[in-house]
Amino acid sequence: MTMVAETMTAKSGSGARRLLSGDEAIARAVWESGTRVAAGYPGTPATEILESLAQYSGLHTEWSVNEKVALEVALGASMAGARAFCAMKHVGLNVASDPLMTMTLTGVIGGLVIAVADDVGQSSSQNEQDSRYWGRFAHVPVLEPADSQEAYAMTKRAFELSEQFETLVILRLTTRVCHVKALVTPGERVERRVPGFTINPARWVMVPANAKKRVPLQLERERKLAVFGESFDLTIDEPGDDRRAGFVVSGPAYLHLREAFPNAPLIKLGLSYPLPLERIRALAATVDKLVVVEETEPLIEGELRAAGLTVYGKDILPRIGELTADIVGPAIRRLIGEPEPAAPPARGPAPSVFPRPPTLCAACPHIGVFHTLFAMRRKVVIMGDIGCYTLGAGHPWHALDSCISMGAAMGMALGIDKAGGEGDAKKAVLAVMGDSTFLHMGMQGLLNIVYNRGNVTALILDNRTTGMTGGQNHPGTGHEIHGLAAPQVDFAKLCEALGVKPERIKVVNPYDLNGLFRTIRDEIKVPEPSVVITNQPCTLIGEFVRREAHQVLDDKCTGCGSCMDLGCPAISVRERAEKHTADGEAFEATYTQIDARACTGCTMCVAACNHGAIQPIANTAAAGSCC
Ligand SMILES: Cc1ncc(C[n+]2csc(CCOP(=O)(O)OP(=O)(O)O)c2C)c(N)n1
């Protein structure tokens, strides 16, 4: 029973159909559901949910410092009887898993929905994982939409379920559902009265004596949800007339299966946990073979086998990446002994696309850092982290030796420092991370370095944004989610508060390559924790000031290629030629050029060039006209 009273004071909405991405559709549904508090931390492919939600009024939206905090904010709001929402990418739920695993015991008051987006196919993530496991682990229901309209409808139902069963509900998304646009028919916002928090230690103080009493309730809730799932109307039975195979599908896999087999009987799971076992058994009894079509892990497949059903799944379908009709169709045709349809007429050779590896932007302040670290490569090991700066591991810098999880660089650096040993372990240890990453989970690691007397130099790359996910604000930017002014963290003072000595904290301009080199070189020599903070903004945010573009002067360029080593994408090779040194030794000279449209005049290449061959375009033009 919910304590939340619905007041039905609807605000303006729109019945007209709109083309929305899954993320936008979820935001709309969250708003319409009368949600009062929504929190999250950016992460592809979920970022746009909160970005979109922030444009609605009538609710508090925030970028929290990390996903654990976001979930705790949502729980607090729910405890006060408000509907609450939380969005994150799949790895974010790992971070939030600690409160998750106890919230499942307390349950919720106001409806609480977590949208968790799995990056199936790993377009922008450090791993591929299946968040549906959290539903099983935490004993909470999991809803799996296949497209934007379903994402919208299921979000609304998720709030209702959450209040009906007093449980948080997981809305499991994939990249395809989040980013593909489809037509959605939105409704109107329904305002809801918030009763406020009621003190109730037996419910909210999860000391063992209280928590133990909640476990049977949690299991009973799960049993009731299983019964409910058998008649849940967003789980759909589609009869079909082909009896050779019947399918159990969830999420966007449904669309791929339907494209490959329009007439196959199937159960499309809306609630994919708990499973509607009786409905699935009924389907199994009417078909020759039962096939589970699910992306990534053989989760449903395993549960059906455990329930005594004979099923096919990952023995015929891939376990990695997205499924498509081209993958599903042939695999199932082989299973049921159906010949492949005649191949469509050849369309000629596929157009070849020049491979373009990801790279840092022209004038990105991180370029100076990795150029500098490359120069001292033989003397340092560099624990890296996750953000735009992870590209420092790639060509031409090769100056990042790890990337595991957000904030991990600090702890790993200390581990390497303490382990000692020979070889690379004798080098100075650096930890590199971005400003958002530092605030997300890095600062605890720095505190740990200080506390345990580690000898690590931490580089905090403060570009005043969460660059990797498209430029979201965080407590270091001075702005909140709506772009309004907010208290701004002073990174130097924060590091001092964490115990780093003031004289060991240096703030540097990463475009000043010599100054940066000297600062890092000096700090790694000191046998105690030190911090180097870079202070130039990301080139893609409003704060960045574009200056005069530069060019390479042909008569001064020796073809040494030093400017290319910088890795700025505004600089490219114009011509290669065989040259000879004074000793007659042959070498390949690399004459370069600067794309004036991309160049922002950051001058890093001016410092990298030893021959004065790079100058502002205006200067050289002026010099020319003088003559
Ligand atoms: C637990 C977790 N949450 C979110 C993400 C998505 N993500 C990757 S890097 C990053 C932050 C990058 O910002 P910052 O540290 O400021 O570095 P920048 O990209 O600006 O260089 C985020 C949010 C993630 N990989 N893991």
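Leaving aside residues up to four places away in sequence, Phe 438 touches Met 410, Met 433, Met 443, Leu 446, Ile 460, Phe 491, Leu 494, Cys 495 and Leu 498; a contact here means heavy atoms within 4.5 Å. The model is predicted: local features need pLDDT of at least 70, side-chain atom pairs count only at pLDDT 80 or more, and totals for chains, interfaces and linings use all residues. Residues are numbered from 1 along each chain as its sequence is written, and side-chain values use heavy atoms, with hydrogens and water left out.

**Nonpolar cores**

- The largest nonpolar core has 70 residues, and Phe 438 is one of those with the most contacts inside it, together with Phe 370, Leu 373, Val 432, Leu 446, Leu 459 and Val 531.
- This core lies between domain 3 (365–534) and domain 4 (550–626), because both give residues to it; the domain bounds come from an automatic or database domain assignment.
- Apart from this core lies another, of 36 residues, including Ala 54, Tyr 56, Leu 171 and Ile 481.
- A nonpolar core is a set of buried Ala, Val, Leu, Ile, Met, Phe, Trp, Tyr and Cys residues joined through side-chain atoms within 4.5 Å.
- Buried means under 20% relative accessible area, exposed means over 50%, and partly exposed is in between (1.4 Å probe, protein chains only).

**Backbone features**

- Most residues other than glycine have a negative phi, and most peptide bonds are trans.
- A cis peptide bond joins Thr 44 and Pro 45, with omega about 10°; Pro 45 lies in the loop between β3 (37–40) and α2 (47–53).
- Another cis bond runs from His 395 to Pro 396, with omega near 0°; Pro 396 is placed in the loop between β17 (380–383) and α16 (408–419).
- Gln 122 has a positive phi, near 50°, and is found in the loop between β6 (112–118) and α6 (132–138); Gln 122 counts as partly exposed because its relative accessibility is 37%.
- Glu 166 also has a positive phi, near 50°, in the loop between α7 (148–165) and β8 (169–174).
- Helices (H or I, at least four residues) and strands (E, at least two) are DSSP runs, numbered from the N terminus.

**Sheet**

- An open sheet of seven strands has mixed pairing and the order β4-β3-β5-β6-β8-β7-β14.
- Its edge strands are β4 (60–63) and β14 (271–273), each of which pairs on one side only.
- Strand β7 (residues 142–143) pairs with β14 in the antiparallel sense over two bridges, and Val 142 has Tyr 273 as its bridge partner in β14.
- Two strands pair if DSSP finds at least two bridges between them.

**Ligand surroundings**

- The ligand is surrounded by 26 residues, the closest being Glu 67, His 366, Asp 435, Thr 437 and Gly 467; such a residue has a heavy atom within 4 Å of the molecule.
- Ligand oxygen atoms lie 2.8 Å from a polar backbone atom of Cys 388 and 2.7 Å from a polar backbone atom of Gly 467.
- A ligand nitrogen atom is 3.4 Å from an N or O atom in the side chain of Gln 126.

**Asp 417**

- Asp 417 lies in helix α16 and counts as partly exposed because its relative accessibility is 22%.
- Beyond its neighbours within four places in sequence, Asp 417 is in contact with Val 429, Gly 454, Asn 455 and Val 456.
- A polar atom of the Asp 417 side chain lies 2.7 Å from the backbone nitrogen of Asn 455.

Methods
Polar contact = N/O pair within 3.5 Å; in protein donor to acceptor, adjacent residues only side chain to side chain.
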